[in-house]
Amino acid sequence: MEVTASSGRHRAVAAGSGGGRKRKSVDVGSGGSILSLGTDLLCRVFALLDHFDLVRCSVICKSWNNLIYTSSLMRDLYHKRKPHLKCASIKSDMLETSVKIYLEKIAMEEHKLSLLRGSVKLDQWSGHHARVNVCRMKRGLILTGGGDKVLRLWSAESCNYLDEYVSPEMNQLVDYDFDENKIVGLTSSRICIWRRHGQRGIFQSCEGIFTRGLCMRYIDPEAVIGCEDGRVRVFDMYSGRCSRIIRMHSGPVTCLTLTDDQLVLGGSTFGNMAIADLSSGKRMGSVTSCFSPTGLKCLSFNMHSYSVFAGSTSGYAHCWDIRTLRPVWETRVSPNVIYAVHHLSNDTSMLAVSGIDGVLRILNQSTGKILSSLVIDAIEGVPLSSKNSHEVVQKKVRRLQDTTCLDIIPRYLRPPITCLAVGMNKIVTTHNEKFIGVWRFRMNN
């Protein structure tokens, strides 16, 4: 971190926690180190940072961590710098809670406001030689693929290409997920695992163990496969063996999600969602839509509210409480298929929904009400898929009014959104085209 003078004020620039760079001791004024600053002055410097930089600074050293997470002066100064973030969810009793929780609430409120009312820009680039229809985002990284045998890793911040992983299978990749150590991919009949660091190895399960896998989720050390025969097969990723087979549906399992307490939720082509215990393989129950007995295409579980969200082939978005197995709300948000629903892992307010009509919608998680709808703005009539390089092109985005008729918006401005992943103040989308998009939301102060 360094401190410089700017317009009579001290400004802080975080430079010590990203990209493996080491913190440097930078002179302040006429020769003193930043470490020699008093507690009060350091608090005033930290108060100029946003919550992201504060978290980065908290891992520099133990003294800074203690100062950031225990100082009421720093908290009060920071709150004065962000008066627009005051809301009903940030109450006076926050003074009695930890700064870490306080900063998390601030971050969630900023995320909410940016999705609803912030300015939006779209960074778009051609990332594959074939159509890409699946994306995942974690820890500032984006993993894309699905239309060919190649998975590519990108920086969510800069959109720069970082690495790629090639499937040895003749078949295309159907689904995949990743963490900091490995990538787990599914073809129609195999599980593949790539190491992300060190010696690049590929593990493959034996062929013929499952019949046409359609979707996959994993929680280390197990991968859970939803299959065309209505069964869910649980694989131990290290032994390569199928440890359990769970009968979920009488028809194909089209989408899956897992909970932290070892439950597997699976949607079917018949519009119902079944729940089973992952460790015992026992089926615990199921829920069905009251209005839309058509197929479910996607699921997303919120561990904080015990709500599971789904999108259907008839354009309905659904919310069920898995504790009561009852619907919370069901809303038709689109005239066509919904391919993706997703939310930030610890956010209980905003839900991103998208599908074949190419509109990115933001819903209220509690009520299902559409809060905002976004499409790409006019760009001189040039089809988005015309770019063939990794060059990032910035597009304008506009929010639609409730009365806007979709038919008057050209199709090339709203290509079908086949998958999305929500991050802090950003949403990644794929469109069954060669290009990838990152929608960046910024709150207007």
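1. The largest nonpolar core has 28 residues, and those touching the most other members are Leu360, Ile362, Leu374, Ile427, Trp439 and Phe441. A nonpolar core here is a set of buried Ala, Val, Leu, Ile, Met, Phe, Trp, Tyr and Cys residues joined through side-chain atoms within 4.5 Å. Buried means under 20% relative accessible area, exposed means over 50%, and partly exposed lies in between (1.4 Å probe, protein chains only). Two or more residues of this core come from each of helix H5 (99-117) and strands S5 (119-126), S27 (350-355), S28 (360-364), S29, S31 (419-423) and S33 (435-442). H5 gives the largest share, four residues. Helices (H or I, at least four residues) and strands (E, at least two) are DSSP runs, numbered from the N terminus. A second, separate core of 25 residues has among its members Val132, Ile142, Ile183 and Val428. In soluble globular proteins, nonpolar side chains tend to be buried together.

2. The model is predicted: local features need pLDDT of at least 70 and side-chain atom pairs count only at pLDDT 80 or more, while totals for chains, interfaces and linings use all residues. Residues are numbered from 1 along each chain as its sequence is written, and side-chain values use heavy atoms, with hydrogens and water left out.

3. The protein chain holds five helices and 33 strands. Of its 445 residues, 53% are buried. Among contacts (heavy atoms within 4.5 Å) with a separation of 6 or more, 49% are between residues 24 or more positions apart. The accessible surface is about 20500 Å², and carbon and sulfur atoms account for 48% of that surface. Accessible areas come from the Shrake-Rupley method with a 1.4 Å probe; for residues, only the protein chains shown count as cover.

4. Serine 372 counts as buried because its relative accessibility is 6%. Its side chain makes a polar contact of 2.6 Å with the side chain of arginine 399. A polar contact is a pair of N or O atoms within 3.5 Å; within protein, one must be able to donate a hydrogen and the other to accept it, and residues adjacent in sequence count only if both atoms are side-chain atoms. With neighbours within four places in sequence left aside, serine 372 is in contact with Leu115, Leu116, Leu360, Arg361, Ile362 and Arg399.

5. Strand S11 (residues 182-186) is mostly covered, with five of its five residues buried. Is one face covered, or are both faces of S11 covered? Both are: Lys182, Val184 and Leu186 are buried on one side, and Ile183 and Gly185 are buried on the other. In a regular strand the side chains alternate between the two faces of the sheet.

6. S11 pairs with strands on both counts below, where pairing requires that DSSP finds at least two bridges between two strands. Strand S10 (residues 175-178) runs antiparallel to S11 and is joined to S11 by four bridges; a hairpin through three residues links the two. Strand S12 (residues 191-195) is also antiparallel to S11, with five bridges and a hairpin through four residues. Valine 184 of S11 is the bridge partner of aspartate 177, and in S12 the bridge partner of valine 184 is isoleucine 193.

7. Some loop residues have backbone values to check. Aspartate 220 and proline 221 are joined by a cis peptide bond, with omega about 10 degrees; proline 221 lies in the loop between strand S14 (213-219) and strand S15 (222-227). Cysteine 159 has phi near 70 degrees, a positive value in a residue other than glycine. Cysteine 159 sits in the loop between strand S8 (150-155) and strand S9 (161-166), and counts as buried because its relative accessibility is 3%. Glutamine 262 has a positive phi near 65 degrees, in the loop between strand S18 (253-258) and strand S19 (263-268). With a relative accessible area of 30%, glutamine 262 is partly exposed.

8. Phenylalanine 301 is placed in strand S22 (residues 296-302), and counts as buried at 13% relative accessibility. Its C-alpha atom is separated by 9.6 Å from that of tryptophan 320, 19 residues apart along the chain.
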